[in-house]
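Open the structure in your viewer and get ready to click along. At each stop you will select something and then look at what surrounds that selection.

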Amino acid sequence: MTTPDAFYAGIEATWPPASSTRLGVWTLRDGQGGGKRVSAATAHGPTTPEEIAEAEAGMPHPLFMITDKDGALDDQLAARGYEVLDPTNGYATPITTLTDIPVPRVTAFAVWEPLAIMEEIWAAGGIGPARLAIMHRAKTKTAILARHKDKPAGAAFVAVHGSIAMVHAVEVLEHQRRAGVAQWMMRRAAFWAQDQGADTIAVLCTQANTAANALYQQLGFTRVCGYHYRQAPSTAKP
């Protein structure tokens, strides 16, 4: 099973910011509107109040990503009035867990570049141009289109970093849910990733999404690590 450090490196490589800057103990990111994951600062070691202030000064909208090993930083930011946002589970499983069953014909396809219908599916779930730009920045990648009852049903994005394939932007149309669509997208992603030399498949899921957490656990994923964000109450979302 992959380590937390390898998992976090996989997140960075497969869902990359537009740019990142090293500032002392920090990595500061420019997400260009692509959401919190590509806009948050992360620490590479213990931090002092002065270093936190330095990071705040370097970001237009101060936002910190807090991993499982950042307990001291989490306490410091809480004391400064920062609020918790989006606690997230990082799941992984050997790719062979999802390649034991063939994907039925015309159920899910690996397609790059994304088709217009895939962009429409993502847009329905709030995944717009700024996040599509993130997908294009990743290196070894594809997108997954799912169909159900001869109609488009879902879309996902998967990219490989080292031996880890990470699945992002899993979106199923509301009227096509509870029909196994997400499971087949994950399995198609695993077959594609296996062809790229990956041996582990990973996915992120907010803790609030109980249905998706249950699905990934049923598919054999186990929690490897996690994170949440800390944002000042007056800070606008990135």
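Start by selecting Lys141, which is found in strand S7 (140-148). Leaving out residues up to four places away in sequence, Lys141 touches Trp112, Met135, His136, Phe157, Val158, Ala159 and Trp192; contact here means heavy atoms within 4.5 Å. Helices (H or I, at least four residues) and strands (E, at least two) are DSSP runs, numbered from the N terminus.

A word on what you are viewing: this is a predicted model, in which local features need pLDDT of at least 70 and side-chain atom pairs count only at pLDDT 80 or more, while totals for chains, interfaces and linings use all residues. Residues are numbered from 1 along each chain as its sequence is written, and side-chain values use heavy atoms, with hydrogens and water left out.

Stay with Lys141 for a moment. Is Lys141 buried or exposed? Lys141 is buried, yet it has no salt bridge. Buried means under 20% relative accessible area, exposed means over 50%, and partly exposed is in between (1.4 Å probe, protein chains only). A salt bridge is a side-chain nitrogen of Lys or Arg within 4 Å of a carboxyl oxygen of Asp or Glu. The nearest side chain of opposite charge is that of Glu113, 7.3 Å away; Lys and Arg count as positive and Asp and Glu as negative, with His and the chain ends not counted. Now show the backbone oxygen of Ala138: a polar atom of the Lys141 side chain lies 2.7 Å from it.

Next, select Glu113 itself, in the loop between S6 and H4. The peptide bond leading from Trp112 to Glu113 is cis, with omega near 10°. That is worth a second look, because most peptide bonds are trans.

Move on to helix H4, residues 116-124. Which residues of H4 are buried? They are Met118, Ile121 and Trp122. These three cover an arc of only 95° around the axis, so they sit on the same side of H4; the arc is that of the directions from the helix axis to the C-beta atoms. Ala116, Glu120 and Ala124, on the other side of H4, are exposed. Colour the partners of the buried residues too: they pack against strand S6 (108-111), helix H5 (129-137), strand S7 (140-148), strand S8 (151-161) and strand S9 (164-172). Just after H4, Gly126 takes a positive phi of about 85°.

Now pick strand S4, residues 63-67, where five of the five residues are buried. In a regular strand the side chains alternate between the two faces of the sheet. In S4, both faces are covered, with Leu63, Met65 and Thr67 on one side and Phe64 and Ile66 on the other. Across from Met65, the bridge partner in S11 is Tyr229.

Time to look at charged pairs. How many salt bridges does a search of the whole structure find? The search finds eight. Here are some to select:

- Arg29 and Glu12, whose closest N and O atoms are 2.9 Å apart. Arg29 lies in strand S2 and Glu12 in helix H1, so the pair ties together parts that are 17 residues apart in sequence. Arg29 is buried, at 15% relative accessible area, whereas Glu12 is partly exposed at 27%.
- Arg223 and Asp68, at 3.4 Å from N to O. Arg223 is in S11 and Asp68 in the loop between S4 and helix H3 (71-79), so this pair ties together parts 155 residues apart in sequence.
- Asp100 and Arg187, with closest N and O atoms 2.8 Å apart. Asp100 is exposed at 53% relative accessibility, while Arg187 is buried at 7%.

For the last stop, select Ala202 in strand S10 (residues 200-206). Ala202 is buried, with a relative accessible area of 0%. Leaving aside neighbours within four places in sequence, Ala202 is in contact with Phe7, Tyr91, Ala92, Ile164, Ala165, Met166, Val167 and Phe221. Show these residues together to see what surrounds Ala202.

Note on methods: Two strands pair if DSSP finds at least two bridges between them. A polar contact is a pair of N or O atoms within 3.5 Å; within protein, one must be able to donate a hydrogen and the other to accept it, and residues adjacent in sequence count only if both atoms are side-chain atoms.
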